[in-house]
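Thanks for coming. I will talk through one structure this morning, starting with a contact rule and ending with charged pairs.

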Amino acid sequence: MASPRRKRTGADPAAPVLHLTRFLPYRLSVLSNTVSHTVAKLYEKRFGITIPEWRVIAVLGGGETLSAGEIAQRTAMDKVQVSRAISRMLDSALILRESGATDRRKAQLTLTPKALAIYTEIVPLALAYERELTGALTEEEMAQLDGLLAKLQAQADALAARPAAQAPDADADAGGPPTRSP
């Protein structure tokens, strides 16, 4: 027997309601988590690495040498997640850490041959999953999605860089739809 919907108690009936299933940040987060956890099934048991560790491998897999801060920036992971992943990866001999040439406090990280072998095995699996996932879209829809994601990322970056004092006033926008650019 389905439980009846509960009424909002103690809330101002005129206050806006957040419908999570239609709230874009929530939907993007759920989609991202679903995709990440599905792809993680491809490598977690087989290689014993976590999602943050895979992200580090994926970023360094192109042959770059980066600092932990640069990895955090490129993966949008917080520094604590990156630090924990790096620590586990050092213990597992998946990455090498060398002091920076100009700043000895800024360690440079690179993949070991062991991690490169993992990267080489996972990439085809990840790309096959991506093809399967995006197979639900036409080429035109895929191009539109790519453009829309780029626009949303640029807007999110701009909003993230905005000082907190310039954040929108929730009371001024209450109840109205999000503003749209032309």
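Contact here means heavy atoms within 4.5 Å. By that rule leucine 60 touches Leu66, Ile71, Ile95, Leu109, Thr110 and Leu111, where residues up to four places away in sequence are not counted.

Some housekeeping before the rest. This is a predicted model, in which local features need pLDDT of at least 70 and side-chain atom pairs count only at pLDDT 80 or more, while totals for chains, interfaces and linings use all residues. Residues are numbered from 1 along each chain as its sequence is written, and side-chain values use heavy atoms, with hydrogens and water left out.

Leucine 60 also comes up in the core. A nonpolar core is a set of buried Ala, Val, Leu, Ile, Met, Phe, Trp, Tyr and Cys residues joined through side-chain atoms within 4.5 Å. Buried means under 20% relative accessible area, exposed means over 50%, and partly exposed is in between, with a 1.4 Å probe and protein chains only. The largest such core has 27 residues, and Tyr43, Ile49 and Leu60 touch the most other members. At least two residues of this core come from each of α1, α2, α3 (68–75), α4 (79–91), β2 (108–111) and α5. Which helix gives the most to this core? That is α2, with 6 residues. For the labels: helices (H or I, at least four residues) and strands (E, at least two) are DSSP runs, numbered from the N terminus. As background, nonpolar side chains tend to be buried together in soluble globular proteins.

Now the rings. Rings of Phe, Tyr and Trp (its six-membered ring) pair if their centres lie within 6.5 Å; planes under 30 degrees apart count as stacked, over 60 as edge-to-face, and the rest as tilted. The whole structure holds 2 aromatic pairs. In one, tyrosine 43 and tryptophan 54 are tilted, at 5.7 Å centre to centre with 35° between the planes. Tyrosine 43 sits in helix α1 (residues 24–47) and tryptophan 54 in helix α2 (residues 51–60), 11 residues apart. Tryptophan 54 also pairs with tyrosine 119, and that pair is stacked: 6.3 Å centre to centre, 25° between the planes. Tyrosine 119 is in helix α5 (residues 113–134), 65 residues from tryptophan 54. Tryptophan 54 counts as buried because its relative accessibility is 12%, whereas tyrosine 119, at 23%, counts as partly exposed.

Last, the charges. A salt bridge is a side-chain nitrogen of Lys or Arg within 4 Å of a carboxyl oxygen of Asp or Glu. How many salt bridges does this rule give? The count comes to 3.

Arginine 46 bridges to glutamate 121, with the closest N and O atoms 2.8 Å apart. This pair links helix α1 to helix α5, across 75 residues. Arginine 46 is exposed at 53%, and glutamate 121 is partly exposed at 36%.

Arginine 88 and glutamate 53 meet at 2.7 Å, N to O. Here arginine 88 is in helix α4 and glutamate 53 in helix α2, 35 residues apart. Glutamate 53 has a relative accessible area of 4%, so it is buried, while arginine 88 is partly exposed at 35%.

Arginine 74 and glutamate 64 form a salt bridge too, their closest N and O atoms being 2.6 Å apart. Arginine 74 belongs to helix α3, and glutamate 64 to the loop between α2 and α3.
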